[in-house]
Structure formats: structure tokens, C-alpha cells
Amino acid sequence: METAFATTEEKSKTLPCDDLVRNPFVASTHGITILSPPNKIWPWLVQMGQGRAGFYSYTFFENLLGCQMRNANEICPQLQSIQIGQPIPIHPKFNPLFVKEFEQNQQLILWQQRPFLWTWAFYLGMMDSDSTRLLVRSRMAYPGPWAAVPVYAMMKFGHYIMERKLLIEVKKRAEK
């Protein structure tokens, strides 16, 4: 089974979103190789979000937290268009992420400025004509020390488990 780990080189590589959160308290980079070209992966990424196509993760856990999540198993034509500044909901009652930047079939950078600064970026790098490396980088900085410990714990453990599942499920969907 795919592990969704990034290589040492991928973890240390500077990516376009890095300057948005200069001194992160928490940072992670995960990756997975998908046996499909970027244009077969992009539609799955662009439709993500709560009330959209979900995050392809463990909906049982997301819904325990009140996310009201459902994951799509197909490309949803009505969700294939995005714009800079568009909100991408993560929970019905929490601040959404926003589309900061995107380049179709190459990168999708989401970010949030409140209650903490957070980037969640997806990069598609073509390996050859039939395979793509999908990297996901998350970086967070906090407004004060009050948030550091619970958010650090959530990001290091819960986010890794959920993001790993997201990567594996995108891979399955894009390869079928």
C-alpha cells in the first residue's frame, strides 16, 4: 500500500506557497505517485470541500466533528470551475480556506488568515507521460501561544492520518 510520504528532497524543496507562512509553527509535506497524468488528477482536487465533493478522507471522523462531509466518487462538472478568492469550506461553522493561487493541472494553493495563518497547497509534477507526483504541503503560524499545543497535536497526528487518506483516495479515483 502507498505510504503517502514525501522524500527528503521533496520536504526541503521550496514551493510557491512557502513565503505566505514564513515562520510556521507546524509544517508538513506529503506525497504520492499517481499513475495518471495531471489532467486526470486536477478535477478531483478542484472539487474538494465541505458541501462540495468532500476531502476523500475518513468521513466518519469528519462527521463526528460536525463537518457534514460526503465524498464524491465521480467528477462533478458543476464543481470544476474555481476562482482566486473563492471560499473552500472545511466545516459548516468554521472559517473556510480560500483559493489563493492556482494553475490548472499544476498547483492549487488554499489559505486561511483567521484564526491562524494556514496554507494547504497541492502540487502536480509530471514524472513521465503516464505518472504524476502529487505533493501536499501544509504550513501554519499562530496569532499567539494559546493555540499552539492543540493545533500542533491536531496537525501532527490527525491531519497526517486524514491527509494520507485523501492522497490515497485521489490516487484510486484518478487511476480508475
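Modeller: Gladly. In this predicted model, the count is one cavity of 30 Å³ or more. The largest cavity holds about 40 Å³ of space. Its lining is made up of L45, V46, M48, I82, I88, V99, L108 and L110. Two elements, α2 and β4, each give two or more residues to that lining. By type, the lining has eight nonpolar residues, with no polar and no charged ones.

Let's follow α2 from there. This helix spans residues 38-46 and is mostly covered, since seven of its nine residues are buried. The buried residues are P38, I41, W42, P43, W44, L45 and V46. Of these, L45 and V46 also belong to the lining of the largest cavity.

L45 leads us on to the largest nonpolar core, which has 39 residues. Together with W120, F122, L134 and V170, L45 is among the residues that touch the most other members of this core. At least two residues of the core come from each of β1 (26-34), α2, β3 (97-103), β4 (107-112), β5 (117-128), β6 (131-141) and α4 (148-175). There is also a second, separate core of eight residues, which includes C17, L20, A121 and Y123.

Setting aside neighbours within four places in sequence, F122 is in contact with L45, M48, Q106, Q107, L108, L110, L134, L135, V136 and L166. Among these partners, L45, M48, L108 and L110 line the largest cavity, while L45 and L134 are two of the core residues that touch the most other members.

Beyond α2 comes the loop that runs to α3 (59-64), where Q50 is found. Q50 counts as buried because its relative accessibility is 11%, under the 20% limit. A polar atom of the Q50 side chain lies 3.1 Å from the backbone oxygen of C67. Leaving out neighbours within four places in sequence, Q50 is in contact with F55, C67, Q68, M69, P89, I90, H91 and P92.

F55 sits in the loop between α2 and α3 as well. With a relative accessible area of 6%, F55 is buried. Not counting residues up to four places away in sequence, F55 touches M48, G49, Q50, E62, M69, N71, P89, I90, W120 and L166. One of these, M48, is part of the lining of the largest cavity, and another, W120, is among the core residues that touch the most other members.

On the strand side, have a look at E101, which has its place in β3. Leaving aside neighbours within four places in sequence, E101 is in contact with I84, Q107, L108 and I109. Of these, L108 lines the largest cavity and is in contact with F122 too. The C-alpha atoms of E101 and Q83, 18 residues apart along the chain, are separated by 8.5 Å.

Key
Residues are numbered from 1 along each chain as its sequence is written. This is a predicted model: local features need pLDDT of at least 70, side-chain atom pairs count only at pLDDT 80 or more; totals for chains, interfaces and linings use all residues. Side-chain values use heavy atoms; hydrogens and water are left out. Helices (H or I, at least four residues) and strands (E, at least two) are DSSP runs, numbered from the N terminus. Buried means under 20% relative accessible area, exposed over 50%, partly exposed in between (1.4 Å probe, protein chains only). A polar contact is a pair of N or O atoms within 3.5 Å; within protein, one must be able to donate a hydrogen and the other to accept it, and residues adjacent in sequence count only if both atoms are side-chain atoms. Contact means heavy atoms within 4.5 Å. A nonpolar core is a set of buried Ala, Val, Leu, Ile, Met, Phe, Trp, Tyr and Cys residues joined through side-chain atoms within 4.5 Å. On a 1 Å grid over the protein atoms alone, a cavity is a set of points where a 1.4 Å probe fits but cannot get out, and a pocket is an open set with protein on both sides within 12 Å along at least five of seven lines; lining residues have an atom within 4 Å of a point. Grid points are joined across faces, edges and corners, and a volume is the space filled by probe spheres set on the points. Ala, Val, Leu, Ile, Met, Phe, Trp, Tyr, Cys and Pro count as nonpolar, Asp, Glu, Lys and Arg as charged, and the others, Gly among them, as polar.
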